[in-house]
Amino acid sequence: MPRFLPLVEILLHAFWPTFCPVCGSLGSSLCESCLKSLLKPIRARCVVCGRDAPCGAHPRDLRVQAASIYESEMRDVILRLKSGEESLGRRLGLACAAVFAKPDVGALVPAPLHLKSRRGYNQSLCIAKGLGEAWGLEVLDIARWADDFPTRRGMSRDERMSLPNDAFIFAPHDPNIHIALVDDVVTTGSTLLSLSKAALAHGITVTRAFAVAFAS
Ligand SMILES: [Zn+2]
Ligand SMILES: [Zn+2]
C-alpha cells in the first residue's frame, strides 16, 4: 500500500528537501533515535598497527576508540557532515559520548583541518565540541598542519598513509596536560600517530583518541 505523505511533510520537502538517511523521514537531516541506532561500542584499536588494543607490541595509550564503521548510513551521515551540515558534528559528538567511557584527560584536541580544505569549518572540531559538552571537558584547537607540509611534499595517497613526524605542530600550551585526540574517521591511524608524536614533542601527552567511525 503506498504511503501518502502528510501535507506538512510535503511542504517541508518542498522548502527544505532534506531527509533522514536511516529512516527516510522528510525534514530531518537525521532523527535522534536513528543517530543512536548507528552507534555501538567497538573494541579499541592500536593507533600504530591497527590491531585490537592492547596489541602487545605498542604502548597501551596509543589506542583509538570509534562508535561505528564507516559504511552505509554512517557513511552518508559523515559525508553530509563534511558537505555543509556542520551541526551534525556536535550531535555526533554528543551521541558518541554516551557510547565511550569518559577519558581521564584534561582536554580534547581535534585533528586539524587540512590546509588545502575549502570546507570552512573543521568537522573534527565540531565532533570534539559535542564530546566536550557531554563530558564537561575543555576543547583545545591547538593542533595544526605544518605550514609548508602539503606544498613541500604534496599529499599523495601513499604519503598520507605514512605521515612524517613533522607533519603537525602544536600551539604553545601547558606542557603538563594530558589530552585525548578526536577525529571523524580513522583509516590507518597514521594521522593520530603523527599528532601524538607532535604533541609529545611539545611536552603534551596523548593518552587516548576517539573517532566517530573506523574506515573498515
Ligand atoms: Zn530517521
Ligand atoms: Zn599495535
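In the predicted model, Cys 23 is partly exposed, with a relative accessible area of 44%. Cys 20, by contrast, is buried, because its relative accessible area is 1% and a residue counts as buried under 20%. Both cysteines belong to one metal site: the zinc ion (ligand 1) is coordinated by the SG atoms of Cys 20, Cys 23, Cys 31 and Cys 34, at 2.3 Å. Along the chain, these donor residues follow the spacing C-x2-C-x7-C-x2-C. The four donor atoms subtend angles of 100 to 117 degrees around the zinc ion (ligand 1), so the arrangement is tetrahedral. For four tetrahedral donors, the ideal angle at a metal is 109.5 degrees.

A further zinc ion (ligand 2) is coordinated by Cys 46, Cys 49 and Cys 55 through SG, and by His 58 through ND1. The distances at the zinc ion (ligand 2) run from 2.1 to 2.3 Å. The donors of this ion are spaced C-x2-C-x5-C-x2-H in sequence. All angles must lie between 85 and 135 degrees for four donors to count as tetrahedral. The accessibility of two of the donors was also computed. Cys 46 has a relative accessible area of 4% and is therefore buried. His 58 counts as partly exposed because its relative accessibility is 26%.

Val 47 is placed in the loop between E1 and E2. With a relative accessible area of 3%, Val 47 is buried. Leaving aside neighbours within four places in sequence, Val 47 is in contact with Leu 62, Arg 63 and Val 64, and also with Thr 188, Gly 189, Leu 192 and Leu 193. The C-alpha atom of Val 47 is separated by 9.0 Å from that of Thr 191, although these two residues are 144 residues apart along the chain.

Val 47 is also one of the residues lining the largest cavity. The structure holds one cavity of 30 Å³ or more, and the volume of the largest cavity is about 30 Å³. Besides Val 47, the lining is made up of Asp 61, Leu 62, Arg 63, Leu 181, Leu 192, Ser 196, Val 206, Arg 208 and Ala 209. Leu 62, Arg 63 and Leu 192 in this lining are among the residues in contact with Val 47. Helix H8 (190-201) and strand E8 (205-214) each supply at least two of the lining residues. The largest contribution comes from E8, with three residues. By residue class, the lining of the largest cavity consists of six nonpolar, one polar and three charged residues.

For the chain as a whole, eight helices and eight strands are found. The chain has 216 residues, of which 47% count as buried. Among contacts between residues at least 6 apart in sequence, 69% join residues at least 24 apart.

Definitions and conventions:
Residues numbered from 1 in each chain as written. Chains lettered and ligands numbered in written order. Predicted model: local features only at pLDDT ≥ 70, side-chain atom pairs only at ≥ 80, totals over all residues. Heavy atoms only, no water. Donors = N, O, S within 2.8 Å, 3.2 Å for Na, K, Ca; no water. Buried < 20%, exposed > 50% of the residue type's maximum accessible area, 1.4 Å probe, protein only. Helix = DSSP H or I, 4+ residues; strand = E, 2+ residues; numbered from the N terminus. Contact = heavy atoms within 4.5 Å. 1 Å grid on protein atoms, 1.4 Å probe; cavity = no way out; pocket = protein on both sides within 12 Å on 5 of 7 lines; lining within 4 Å. Points joined across faces, edges and corners; volume = space filled by probe spheres on them. Nonpolar A, V, L, I, M, F, W, Y, C, P; charged D, E, K, R; others polar. Tetrahedral: all angles 85-135°; square planar, octahedral: opposite > 155°, others 65-115°.
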